[in-house]
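Hi everyone, thanks for coming. Let me put the structure up, and then I'll walk you through it piece by piece.

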Amino acid sequence: MKRIVFISFLLIISVGLLILSFVLGGEDDGLKGTSVALTTTTTTTDGSITTTTEGVDSMPASEIDNLWAFYLVNQMNPLPPDFEIETAIIHDDREVDKRIAPYLVEMLASAKADGIYLKVQSAYRSVEYQQMLHEISIENFMKDAGMTEEEAIAATERELALPGTSEHNAGLAVDLNSRDSWELTESFEETDEFAWLQENCFKFGFILRYPKDKVDVTGIIYEPWHYRFIGVHHATQLMESGLCLEEYIEKIPPTE
Ligand SMILES: [Zn+2]
């Protein structure tokens, strides 16, 4: 009996070591050579913030993953007033919903392994920050372009989602850019970085959210830099379908 217990003990230890060596030594973890500080921050509506540091979870292998992220945020579908978010810092002060951080980190690492250096230029923005961006934009249009307030508001709303209606407020979107570029312009579509994203973003659950031929449907200008997380399953289907998220969700409504 003692012998059986001892053998079982050894077996458990060996399996444990095997799993550990696989986790530590797996050559396919895609994260080698990246220095990613992942910090979790919880922001609640009362503005209080708590911070803890955690490791990177791995991407789940389930077929239909992350259904929680499969919903619309747009002019017609604002975030609820009691929206709460738990974020993780990717690098610098760029934060996203904690649950999509592993996917984003893995996508950046995978791009890097292919010699593509992507920069997260913009990520999660609080509703208050979005409000401030709006006010600055309206002011600039009036001052620099000589627009009336009404025109400036309309021009701003064409370029910038209303506070609470931006996917950046939901923590599910990132604006990606080339490492050495700071401007987000349509010319990003001519870069190797954009080409890589078209080939690969859906494998990590991200979609090109505002395509060139869907401006009428999305109501947002063509943004080759804006990527939205909806989970690997739906991202793969959507990118294959050529539909934008509004059209895709109409065909395949989220199931609760
Ligand atoms: Zn964006």
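So, how many helices and strands are there in the chain? There are 8 helices and 8 strands.

A bit of housekeeping. This is a predicted model, so local features need a pLDDT of at least 70 and side-chain atom pairs count only at pLDDT 80 or more, while totals for chains, interfaces and linings use all residues. Residues are numbered from 1 along each chain as its sequence is written.

How confident is the predictor? pLDDT is its confidence in each residue, from 0 to 100. The chain averages 81, and 75% of the residues score at least 70. Over residues 5-39, though, the pLDDT is below 50, and that stretch has 28 contacts in the model beyond near neighbours in sequence. Residues 42-58 also stay under 50, with 27 contacts beyond four places in sequence. A contact here means two C-beta atoms, placed from the backbone, within 7 Å.

Now the sheet. Picture an open sheet of 4 strands in the order β5-β6-β8-β7, with antiparallel pairing. The edge strands are β5, residues 118-122, and β7, each pairing on one side only. From one strand to the next, the twist averages 40 degrees; that's an angle from 0 to 180 degrees between N-to-C directions, with axes fitted as lines to C-alpha atoms. For two strands to count as paired, DSSP has to find at least two bridges between them.

Let's go across it. β5 and β6 share 4 bridges, and L118 has S178 in β6 as its bridge partner. Next, 3 bridges join β6 to β8, and A173 stands opposite R228 in β8. Then β7 and β8 pair over 3 bridges, where I207 is also partnered with R228.

Is A173 buried or exposed? A173 counts as buried because it has 26 C-beta neighbours inside 10 Å. The cut-offs are 20 or more other C-beta atoms within 10 Å for buried, 12 or fewer for exposed, and partly exposed in between. Leaving out residues up to four places away in sequence, A173 touches E167, H168, R209, H226, Y227 and R228. A173 and I230 are 57 residues apart in sequence, yet 9.5 Å apart in space, C-alpha to C-alpha.

In β8 itself, H226 and R228 point one way, Y227 and F229 point the other way, and all are buried.

That brings us to the core. A nonpolar core is a set of buried Ala, Val, Leu, Ile, Met, Phe, Trp, Tyr and Cys residues joined through C-beta atoms within 7 Å. The largest one has 43 residues, and V96, L104, C201, F206, I207 and Y227 touch the most other members. Several elements each supply at least two residues, among them β3, β6, β8 and α2, which covers residues 101-113. α2 gives the most, with 7 residues. L104 is in contact with I90, V96 and V174, leaving aside its neighbours within four places in sequence. Across the chain's 256 residues, 30% count as buried.

Most residues other than glycine have a negative phi. D92 counts as exposed because it has 10 C-beta neighbours inside 10 Å.

N66 also has a positive phi of about 50 degrees without being a glycine. N66 sits in the loop between β2 and β3, and it is buried, with 21 other C-beta atoms within 10 Å.

Last stop: helix α3, residues 127-144. Its 18 residues reach 25 Å from first C-alpha to last, close to the 26 Å expected, where the expected span is 1.5 Å times one less than the number of residues. Just after α3, G146 takes a positive phi of about 65 degrees.

Terms used: pLDDT = per-residue confidence, 0-100.
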